[in-house]
Amino acid sequence: DNTTGDPTTISFVRETAGSLTDAWVQVGSHAAGSGGSQWRTDLGILNRSPSAASVEVKLHVGGTVKASTTTVSAGGQSILSDVVGQLAATGSGSLEVVSDVPVIVSSRTFNSVGSEEACYAGGTFGQNYDAFAASSLLSEGQSAWLTQLTENGASRTNIALTNTGEAQAEVTITLYAGGTGVGS
């Protein structure tokens with residue numbers, strides 16, 4: 001918006017793409033942040049189908065799963081504010097959304113600033129996380145690259161790994177600096 005200067009962008013989804021019956025969002029949070037701030041996640045579910053969608057939302061934290069169901073009307077949208085809190089959970093984990101009809105899933109994880117803070121009292125700052133189809137995620141032996149990783153006095157990058165399977169997964173992360181591996 002033009003008031004807060006918040007750089008968060010919510011990407012559009014083309015009409016012919018993005019509808020899923022099993023979607024994953026990398027992270028959902030209901031956790032304390034720095035300086036009294038609070039991390040929260042809102043989950044959007046858009047049903048473009050001509051029939052109502054029965055949707056199960058699952059929060060995966062370690063080996064624990066908390067779940068709840070909701071109905072999204074035909075051609076309707078539900079925004080589940082503080083979805084992790086609605087699941088009676090705290091902390092952070094991955095979100096799985098399973099629907100009986102294809103839906104478009106989006107999320108926004110943000111840090112809510114206290115009303116007494118000078119930067120933007122009572123405001124939020126955060127980012128949109130796109131949902132991914134379970135079928136599009138990496139399988140054993142596949143590689144992916146994370147670009148623009150930074151850690152210095154002014155910024156840092158968090159890396160989230162989500163295991164969408166039932167069995168424990170082993171992952172190797174190799175960090176590079178200037179094209180040279182610096183650690184695994």
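## Overall picture

A residue is called buried when its relative accessible area is under 20%. By that cut-off, 28% of the 184 residues of the chain are buried in this predicted model. The accessible surface of the chain is about 11,800 Å², and carbon and sulfur atoms make up 48% of that surface.

## Fold and contacts

The chain contains one helix and 10 strands. Their order along the sequence is β-β-β-β-β-α-β-β-β-β-β.

Taking the contacts in the chain with a separation of 6 or more, 66% are between residues 24 or more positions apart.

## A buried position: threonine 41

Threonine 41 is part of strand S2, which covers residues 38-46. Its relative accessibility is 0%, so threonine 41 counts as buried.

Beyond its neighbours within four places in sequence, threonine 41 touches residues from several parts of the chain's numbering, including Val27, Gly28 and Ser29. Its contacts also include Leu80, Ser81, Asp82 and Val83, as well as Leu95. Ser107, Arg108, Thr109 and Phe110 are in contact with threonine 41 too.

## A nonpolar patch on the surface

Six residues are grouped in a nonpolar patch on the surface: Ile159, Leu161, Val171, Ile173, Leu175 and Val182. Together they have about 520 Å² of accessible area.

One of these patch residues, leucine 175, belongs to strand S9, made up of residues 175-177. Leucine 175 counts as partly exposed because its relative accessibility is 41%, a value between the 20% limit for buried and the 50% limit for exposed.

Notes:
Residues are numbered from 1 along each chain as its sequence is written. This is a predicted model: local features need pLDDT of at least 70, side-chain atom pairs count only at pLDDT 80 or more; totals for chains, interfaces and linings use all residues. Side-chain values use heavy atoms; hydrogens and water are left out. Helices (H or I, at least four residues) and strands (E, at least two) are DSSP runs, numbered from the N terminus. Buried means under 20% relative accessible area, exposed over 50%, partly exposed in between (1.4 Å probe, protein chains only). Contact means heavy atoms within 4.5 Å. Patches are made of residues with over 30% relative accessible area and no salt bridge: like charges are joined within 9 Å, nonpolar side chains (Val, Leu, Ile, Met, Phe, Trp, Tyr) within 5 Å. Accessible areas come from the Shrake-Rupley method with a 1.4 Å probe; for residues, only the protein chains shown count as cover. A salt bridge is a side-chain nitrogen of Lys or Arg within 4 Å of a carboxyl oxygen of Asp or Glu.
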